[in-house]
Amino acid sequence: MAAVPKPVLLGLRDAPVHGSPAGPGAWTTSKLGGIPDALPTVAAPGPVCQRCGERLALVVQVYCPLEGSPFHRLLHVFACACPGCSTGGARSWKVFRSQCLQVPEREDQDAQKQENSLVAEDWCEGADDWGSDTEELPSPQLTLDFGNDANSAKDVDWTTQLQDLHLQDAVLGAAPPAPPGEQMALPPGMPPFLPYYICVADEDDYRDFVNLDHAHSLLRDYQQREGIAMDQLLSQSLSNDGDEKYEKTIIKSGDQTFYKFMKRIAACQEQILRYSWSGEPLFLTCPTSEVTELPACSQCGGQRIFEFQLMPALVSMLKSANLGLSVEFGTILVYTCEKSCWPPNHQTPIEEFCIIQEDPDELLFK
């Protein structure tokens, strides 16, 4: 019997984060950009780039407690925003996991209980509750405040919103553009990227909105730049059974992985994050041995599993052209300890693992 695919939750950019939120309202929030928030008993991570020595910029913060676990749980993904560094692989990207008990005095007993009781099935139930302020933890793996309610995410004119946000950035007093290839110094306390909340939607809610025109268009651009003959591709893609023949042609052209990626995200191109704890990643390029030879957890020696990935739409949202800062990637695959281990009284974030897949031709997602 074929395995049942794990549910997938999509992260979408929401409203800007105003001011400097503190307390549980800050660290139970998922966001892109800004400054990393710290759990009450764990220091905030502050990694530096192993290539240039500069402090890494926060790319995303994801609040993601697991079903059956007594821990608050926070993941931070960092990258170097200096020119050229974000394509430097693991030396310029870092992932950290922080945890603290919801009821501290139960630490020893509950920490052991967690390692024996984490489950992945049915974790997507209650996904509509992610944006609520309820005190009771619902059943999904990822929960609590992800920004505003995502039930209306499909009805939002995202193009208009993004244009408005770019205009807002200008009104806030952005600095003049930096000369090509140079980086301007950030004002004290200013994060490299302006923070925005991340709201959440169930991928299944988008099934009826699939339109492959954009996926086909991007693939045609890619294939033209790669020198692949287009006449046969176009004639087959426009036939009555176009999708099937198109996919067969893609396979012959060696682009199956890329086309599968574009087809899957076609219904929600604005997604910046895909969350599927213990699920399957969506590869942009053919996976390498990194995927089958994942390093063990540095704390417990256990296996790591896929948890979420960052998507191409995030690249343009993180660019800070006025300061010469940016990150470049195709997709970032994040793997974490399958036991989500946390030693008693531990007070520093645990480093996890990520795989960087670059934009296939460095032009598609600009």
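Okay, let's start with one side chain: phenylalanine 306 is buried, with a relative accessible area of 4%. Keep in mind that what we're looking at is a predicted model.

So what does that ring pair with? Phenylalanine 306 and tyrosine 335 have ring centres 5.8 Å apart and planes at 70°, and because anything over 60 counts as edge-to-face, that's what we call this pair. It also links distant parts of the chain, with phenylalanine 306 in strand β8 and tyrosine 335 in strand β9, residues 331-337, 29 residues apart. Tyrosine 335 counts as buried too, at 4% relative accessibility.

How many aromatic pairs does a search of the whole structure find? Four. Another one of them is tyrosine 275 with phenylalanine 308: the centres are 6.4 Å apart and the planes are at 15°, so this pair is stacked. Tyrosine 275 is in strand β7, residues 273-275, and phenylalanine 308 is in strand β8, residues 304-310, so the pair ties together parts 33 residues apart in sequence. Buried or exposed? Tyrosine 275 is buried, at 0% relative accessible area, and phenylalanine 308 is buried, also at 0%.

Phenylalanine 308 takes us to the core. The largest nonpolar core has 37 residues, and phenylalanine 308 is among those with the most contacts inside it, along with Val59, Val60, Val77, Trp93, Leu310 and Leu314. Which element gives the largest share of that core? Helix α9, residues 313-318, with five residues. There's also a second, separate core of 10 residues, including Leu39, Tyr63, Cys100 and Ile350.

Leaving aside neighbours within four places in sequence, leucine 310 is in contact with, among others, Val59, Val60, Val77 and Trp93, plus Ile272, Leu273 and Phe329.

Now zoom out to the strands. We have an open sheet of 11 strands, with antiparallel pairing, and the order runs β10-β5-β4-β3-β2-β6-β1-β7-β8-β9-β11. Which strands stand at the edges? That's β10, 350-351, and β11, 353-357; each has a single partner strand, so one side of each is left without a neighbour in the sheet.

Further in, look at strand β1, residues 9-16, and strand β6, residues 196-202: they pair in the antiparallel sense over six bridges. If you want a landmark there, leucine 10 stands opposite alanine 201 in β6.

Last stop, arginine 13. Its charged end sits over the ring of tyrosine 196, 4.3 Å from the ring centre. That's my tour, thanks!

How values were computed. Residues are numbered from 1 along each chain as its sequence is written. This is a predicted model: local features need pLDDT of at least 70, side-chain atom pairs count only at pLDDT 80 or more; totals for chains, interfaces and linings use all residues. Side-chain values use heavy atoms; hydrogens and water are left out. A nonpolar core is a set of buried Ala, Val, Leu, Ile, Met, Phe, Trp, Tyr and Cys residues joined through side-chain atoms within 4.5 Å. Buried means under 20% relative accessible area, exposed over 50%, partly exposed in between (1.4 Å probe, protein chains only). Helices (H or I, at least four residues) and strands (E, at least two) are DSSP runs, numbered from the N terminus. Contact means heavy atoms within 4.5 Å. Two strands pair if DSSP finds at least two bridges between them. Rings of Phe, Tyr and Trp (its six-membered ring) pair if their centres lie within 6.5 Å; planes under 30 degrees apart count as stacked, over 60 as edge-to-face and the rest as tilted. A charge sits over a ring if NZ of Lys or CZ of Arg is within 6 Å of the ring centre and within 35 degrees of the ring normal.
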